[in-house]
Amino acid sequence: MDNVKRQIGYACPDTINGRITGRGVRAAILDTGAYPHPDFKGRVIGFADMQHGRCGLYDDNGHGTHVAGILAGDGKMSGGRYAGMAPGVELLIVKILDERGEGNAMHILRGMEHVRKVNKKNKIALVNLSLGAGVGLDPVKENRITEAVEELCNCGITVVVSAGNYGLQSRKVSVPGTNEKVLTVGAYRRSGMGRYCSGTGRERICVWKPDIFAPGEGIVSCGYEAVNGESCFQRKEFFPYIRKSGASMATPVVTGALALAKSKYPELEGEELKRYLLKRCGRSLRVEQLLA
């Protein structure tokens, strides 16, 4: 995360002095779950498993754990070196993807419905969706998913969605990142927007996606890896940090930045928070401008 933070101007008075950490903000991560990593200890406020109905916090893929670390890890296992964007954020973990990182419309819809129910008692400010439907999704299912994310937005939640990894020349963006109400995030390389960028394109008249770009290459964050075909659950061990790339990684960078802004300006919510980010940063994330 050190390189990422340098690229996005993370070092500013509020972050250097630890005044703004995302404390008081709650974010939901809809993904493969989360391993009970020490970097999240005491800040997971709930877990729901739409795949298998299990109760204990777990992640049988690793993707969700990595995303959670980027957004809200406190870096305990690394002496702070790999701390995430907003280490004070409380997390609602919703497992909608399986051990292969795949899911269907039913699991995604059930996950979003769960967030809406939880939001009635425990105010959720942000939802992170580091996922996207592949090309050729049935139009009926596509409409149901986009309608569901709109319902979350209409609840005053800022929904942050990956643009997908189709590449800059594809001019494609994954569903539901195509929806105009969500904040759609694209990834760029350290050297700038190159061949590993997310797709871009016009989704509706006067609506261009992604809305904003953030670093997504080689990000070190919380995780674990299987050893000799056995998961960490079988071996009772894990590698505390791993490196991953993609728009999935850029998305929680932006969600974490929004959590910092929400912590400093709690009156902002939903569409207001999204517009505040875009007004301050344009199409390239800069934390120093966001918290100025």
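Ser162 sits in strand β5, which covers residues 158–162. This is a predicted model, and its chain comes to nine helices and eleven strands. Of the 292 residues, 57% count as buried. If you take the contacts between residues at least 6 apart in sequence, 78% of them join residues at least 24 apart.

**Around Ser162**

- Is Ser162 buried or exposed? With a relative accessible area of 3%, Ser162 is buried, because the cut-off for that label is under 20%.
- Setting aside neighbours within four places in sequence, Ser162 has quite a list of contacts, including Leu129, Ser130 and Leu131, then Ser174 and Gly177, and also Thr184 and Val185.
- Ala247, Ser248 and Thr251 are on that contact list for Ser162 too, and residues 247–264 make up helix α7.
- The C-alpha atom of Ser162 is separated by 7.7 Å from that of Ala250, a residue 88 places away along the chain.

- His66 belongs to helix α3, residues 63–72, and at 0% relative accessibility it counts as buried.
- What lies 3.0 Å from a polar atom of the His66 side chain? That would be the backbone oxygen of Ile219.
- Ile219 also turns up among the contacts of His66 beyond four places in sequence, together with Val220, Ser221 and Cys222.
- The rest of that His66 list reads Ile242, Arg243, Lys244 and Met249.
- Ile242 itself is found in strand β11, residues 241–244, and is buried with a relative accessible area of 10%.
- Ile242 and Gly62 are 180 residues apart in sequence, yet their C-alpha atoms are 9.5 Å apart in space.

**Helices α7 and α8**

- How do helix α7 (residues 247–264) and helix α8 (residues 271–281) pack? Their angle is about 105 degrees, and their axes are 11 Å apart.
- That angle makes α7 roughly perpendicular to α8, because the label runs from 65 to 115 degrees.
- On the α7 side, the contact is made by Val254, Leu258, Ala261 and Lys262. Helix α8 brings Leu273, Tyr276 and Leu277.
- Sorted by type, the residues of this contact come out as six nonpolar, no polar and one charged.

**Salt bridges across the chain**

- How many salt bridges does the structure hold? The count is 14.
- One of them joins the side chains of Lys264 and Asp14, at 2.7 Å from N to O.
- That pair links distant parts of the chain, with Lys264 in helix α7 and Asp14 in helix α2 (residues 13–16), 250 residues apart.
- Lys264 counts as partly exposed at 28% relative accessibility, whereas Asp14 counts as buried at 9%.
- Arg26 and Glu90 also meet through their side chains in a salt bridge, here at 2.8 Å from N to O.
- Arg26 is partly exposed at 24% relative accessibility, and Glu90 is partly exposed with a relative accessible area of 24%.

**A local salt-bridge network**

- Which residues are linked in a network of salt bridges? They are Asp98, Glu99, Arg100 and Glu102.
- Within it, Asp98 forms a salt bridge with Arg100, and the closest N and O atoms are 3.0 Å apart.
- Asp98 counts as buried at 9% relative accessibility, while Arg100, at 54%, counts as exposed.
- The two labels follow from the cut-offs, because buried means under 20% and exposed means over 50%.

Technical notes:
Residues numbered from 1 in each chain as written. Predicted model: local features only at pLDDT ≥ 70, side-chain atom pairs only at ≥ 80, totals over all residues. Heavy atoms only, no water. Axes fitted to C-alpha atoms, helices over the stretch in contact; angles between N-to-C directions. Helix = DSSP H or I, 4+ residues; strand = E, 2+ residues; numbered from the N terminus. Parallel < 35°, antiparallel > 145°, perpendicular 65-115°, else oblique. Contact = heavy atoms within 4.5 Å. Nonpolar A, V, L, I, M, F, W, Y, C, P; charged D, E, K, R; others polar. Salt bridge = Lys/Arg side-chain N within 4 Å of Asp/Glu carboxyl O. Buried < 20%, exposed > 50% of the residue type's maximum accessible area, 1.4 Å probe, protein only. Polar contact = N/O pair within 3.5 Å; in protein donor to acceptor, adjacent residues only side chain to side chain.
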